[in-house]
Amino acid sequence: MTQQKPLLSVNHLKTYFQSDDGLVKAVDGINFDVYQGETVCIVGESGCGKSVTAMSIMGLLPDSSTIQGSINLDGEELTKLSKGNMRRIRGNKLSMIFQEPMTSLNPVMTIGEQITEVLLEHQVISKKQAIKKSLELIKLVGIGRGEQIIKSYPHQLSGGMLQRVMIAIALACDPKMLIADEPTTALDVTIQAQVLNLLQDLKEETNMSMLLITHDLGVVAEVADRVVVMYAGKVVEQGTVEEIFTDPKHPYTRGLLQAKPVLGSRKKRLYTIPGQVPKLVDLKPSCYFADRCEHCMEICTQQTPELKCNDNSEHKVACWLYEKEVVHQ
Amino acid sequence: MSYSNNEVIQTDHITKTVQRSSLWKEVMKRFFKRKMAIAGLIILLLVFLFSFIGPFFSPYMTAGTNPQEIHQAPSLSHWLGTDHLGRDVLTRLMLAGRISLTVGIGAMLLAVTIGGILGILAGYYGGLIDQIVMRIADILMTLPGLPLLFIMAAIMSEWQVPAEQRLYIVMIMLSLVNWPSLARLIRSQVLSLREREFMVATEVLGLRDKRKVLNHLLPNVVPLLIVTATLSVGGAILSESVLSFFGLGVVPPTASWGNMINTANTLIDFTNRPWLWIPPGVAIFVTVIAVNLLGDGLRDSIDPNMKGR
Ligand SMILES: Nc1ncnc2c1ncn2[C@@H]1O[C@H](COP(=O)(O)OP(=O)(O)O)[C@@H](O)[C@H]1O
Ligand code: SF4
Ligand SMILES: [Mg+2]
């Protein structure tokens, strides 16, 4: 897929927060591309900077943050856009769905009002047309009885239906790029699969690109074209879904794969990687995974490994094990 | 494990609930279960009818003063007696009700408008607007309300504001004293709403400020506004009465419940002519209690904090 220009290109993105404990390097120099019509998954444990990455792209960071690097969407440099221009892109060309469908909708507005609102904001259409389009969208996301749904309030619908409504709202203006931050985590296991498949089908129908954030490799296997593995604010491995699943290189990725629950099953995880994600403050040059890694070498605690390809493929990994010049002890 | 896109979730079970319940209908349903609140509402309606329709049934509505009939005790022709100018107390009580209720509601509407707008702006935009609004509010709130009203009223007397206009000035004074606490309440509500995920979602959807404030914030603030507004009517009626009692609010010949009590300002009047001060006193008491019952009932049925949702 390298022949065309990427739709979304994130380069050397650094998002830091000023906090009481010091500078939190939530996202620390990451690079990745998303091409037209492609689904890229960002995986990693909780606290690895996945949501901060998403919010950086959306341009919705709190005032305590600083952002460096470049985020290019469809030829436009998002980090340089004015507030007003960025607002016009959000919900329109660049859309997002959240983890919590129950709380992401306004409790005192009807579903219909909340769908038509986005249409009226970003498109030049009449209220009547907006309502008609809302009904089509509700049908598109697989909910029946649209006439009644648009008149109902969020608390009258189930979580699964609300997430479908959120998808309808996100897709209202035919976005080129959809970011979904753990869209199924808050849902029942059985509903999770339905919502994922719906997302996947809609993506194929509309040829949009999707950036799906998840900590669940089962989800990744279902929908991803390419995978970005994040750990402690950095990308540690990146490749196609086949590469990641059949030939995982980074010890962290291997750990995640071992910990992978089977999608749709209620079985508890058999394995979890021992230890936890370090606090992203005052990290010394090293591999941040070192204290959890069974292959840890001396160099791992002294220098940060760089993300690079080690053969001719696009499969990249940031681990000293694969550095040719390192003399393995 | 594959699900087709055309598969439609069954939504039959929600049909019934949707037809029955818009949010306000649910509120009404809860409200009508509260006996005290309904009692308050009914009493208020009666007070309104008494004040605004009542005078039309009185033969003394246009009579004015009557030197032949001063200080008469209650009788069949004057149910609540007459005052020192021979005016029928019952008729004056009704006319005074018009003034007191108008001042109470007018002052509330003004205070709610000022406090609501400023509170929403301060909470939503924060920064400099917030600083300015809240500092002014703080200053007004640290000044004790009644003395402030007394001073303003004294100035008004000094300027010899005509009696018919004092009514409006009193409204403005009361709202000036009352808006800060309202603004503060609304601001804190807006601040907590701003953190709610659906407000973050409006950001993500790229809605402009006008929509975010009018469609998303305001409807969530309205319940709180309604409740505090209702409750503040009681306070406004009381303050007006106190001011008028001291001759600093609405002044004769315009009657208000407060200045009616003041007609019994000598010990003789007070002990020997209770019909002069008991009726307006009871009117104030009953109205304020009824307003509070209604306000409490509304608060409980609206649930402004959206608990349990
Ligand atoms: N507003 C903030 N201020 C300070 N630190 C933050 C802020 N938001 C997120 N972080 C930190 O950034 C790190 C990554 O968070 P996040 O992106 O939410 O992780 P996840 O991968 O689970 O989505 C966490 O350590 C978190 O504490
Ligand atoms: S760089 Fe070293 S510590 Fe880090 S993952 Fe590779 S082997 Fe483990
Ligand atoms: Mg997250």
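Reader: What pattern does chain B follow when it is read along the sequence?

Author: A pattern of this kind lists the elements in order, and in this predicted model chain B reads α-α-α-α-α-α-α-α-α-α-α-α, which comes to 12 helices and zero strands.

Reader: How should I read the radius of gyration of chain B against that of a compact globule?

Author: The two values are set side by side: a compact globule of 309 residues would have a radius of gyration near 19 Å, whereas chain B has 25 Å. The box filled by its C-alpha atoms, taken along the principal axes, is roughly 100 × 45 × 30 Å.

Reader: What share of the residues of chain B count as buried, and what share of the contacts comes from residues 24 or more positions apart?

Author: With buried meaning under 20% relative accessible area, 45% of the 309 residues of chain B qualify. Among contacts with a separation of 6 or more, 71% are between residues 24 or more positions apart. Carbon and sulfur atoms hold 68% of the accessible surface of chain B, itself about 15,600 Å².

Reader: Turning to the ligand, which residues are around ligand 1, and how do they divide?

Author: The shell includes F17(A), E45(A), P62(A) and L280(A), and its residues divide into six nonpolar, four polar and two charged. Helix α1 of chain A, residues 50-58, gives the largest share of this shell, with three residues.

Reader: Which backbone atoms lie by the oxygen atoms of ligand 1?

Author: A backbone N or O atom of G47(A) lies 2.6 Å from an oxygen atom of the ligand, one of G49(A) lies 3.1 Å from an oxygen atom, and a polar backbone atom of K50(A) is 2.9 Å from an oxygen atom. Taken alone, ligand 1 exposes 560 Å², and the protein buries 66% of that.

How values were computed:
Residues are numbered from 1 along each chain as its sequence is written. Chains are lettered from A and ligands numbered from 1 in the order in which they are written. This is a predicted model: local features need pLDDT of at least 70, side-chain atom pairs count only at pLDDT 80 or more; totals for chains, interfaces and linings use all residues. Side-chain values use heavy atoms; hydrogens and water are left out. A residue is near a molecule or strand if one of its heavy atoms lies within 4 Å of it. A polar contact is a pair of N or O atoms within 3.5 Å; within protein, one must be able to donate a hydrogen and the other to accept it, and residues adjacent in sequence count only if both atoms are side-chain atoms. Accessible areas come from the Shrake-Rupley method with a 1.4 Å probe; for residues, only the protein chains shown count as cover. Helices (H or I, at least four residues) and strands (E, at least two) are DSSP runs, numbered from the N terminus. Ala, Val, Leu, Ile, Met, Phe, Trp, Tyr, Cys and Pro count as nonpolar, Asp, Glu, Lys and Arg as charged, and the others, Gly among them, as polar. The radius of gyration is taken over C-alpha atoms; the globule rule is 2.2 Å times the number of residues to the power 0.38. Buried means under 20% relative accessible area, exposed over 50%, partly exposed in between (1.4 Å probe, protein chains only). Contact means heavy atoms within 4.5 Å.
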